[in-house]
Amino acid sequence: YLCALLPFAFITYFLWKQKWLKAFLILSLILSVVALILSTSRGGFVAFISMVFIWTVYLSREKGINIIKALTTTAVSILFLGVISYLLFSPVRERISILPEQLSTINQRTDAWMPGLYAFREKPVFGWGYGERIFHQDGPFQNTPYKKAPLTEASKGSGEYVPIGPHNTFLKILFHQGLIGFIPYVILILFAIWDFWRKATG
């Protein structure tokens, strides 16, 4: 959610003229980045870094700044922020220490992806409907090779299995809303990318 709010705060910074509002936004951005770091969310990190690079490209074009220098400065700044985070925050160090193990299984999320795709094939047009609980019910999976709602091991070697969600926005939309919901969603993303690229390079 922080990554969803940051772009709006960033845009608002350039729209607002009052200095006290700009100072408030800068403080909010700093606190949001710190909160994002402490969350140790890998998806959040990737989204934040992607957003920063996208805005760097856009602003370098708008302000007439050399794009290579801008991207280099951004990369060095992110690397510096990563090193500082590693040194200051123990949750970040713990997260990095288990990263190789988690990457090998993608944190067990793949346990839900194939069952979810098979369930989508059962109702490809309209999907299975709204409500996260539906993904945890056996009904959508009964006619698939998996027969039951996906489970994942609570912790490696524990032998205890717990329900798992789709953990993928595209799969979630395919499962719940089918192609009726998925196609407009993808079109919206592609249009946003095209419009941004047109304005950034035009």
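Is F141 buried or exposed? I looked this up first, and F141 is at 0% relative accessibility, so F141 counts as buried. My cut-offs: buried means under 20% relative accessible area, exposed over 50%, and partly exposed in between, with a 1.4 Å probe and protein chains only.

A note on the model: it is predicted, so local features need pLDDT of at least 70 and side-chain atom pairs count only at pLDDT 80 or more, while totals for chains, interfaces and linings use all residues. Residues are numbered from 1 along each chain as its sequence is written, and side-chain values use heavy atoms, leaving out hydrogens and water.

**Rings**

Next I turned to F135, which counts as buried at 1% relative accessibility. I counted rings of Phe, Tyr and Trp (its six-membered ring) as a pair if their centres lie within 6.5 Å; planes under 30 degrees apart are stacked, over 60 edge-to-face, and the rest tilted. That rule gives 8 aromatic pairs. F135 and F141 are edge-to-face because their ring centres are 5.6 Å apart and their planes stand at 90°.

**Cores**

Then I looked for nonpolar cores: sets of buried Ala, Val, Leu, Ile, Met, Phe, Trp, Tyr and Cys residues joined through side-chain atoms within 4.5 Å. The largest has 12 residues, among them L6, L29, F48 and W55. Its largest share, 5 residues, comes from α2. Helices such as this are DSSP runs (H or I, at least four residues; strands are E, at least two), numbered from the N terminus. I also found a second, separate core of 8 residues, including A119 and I164.
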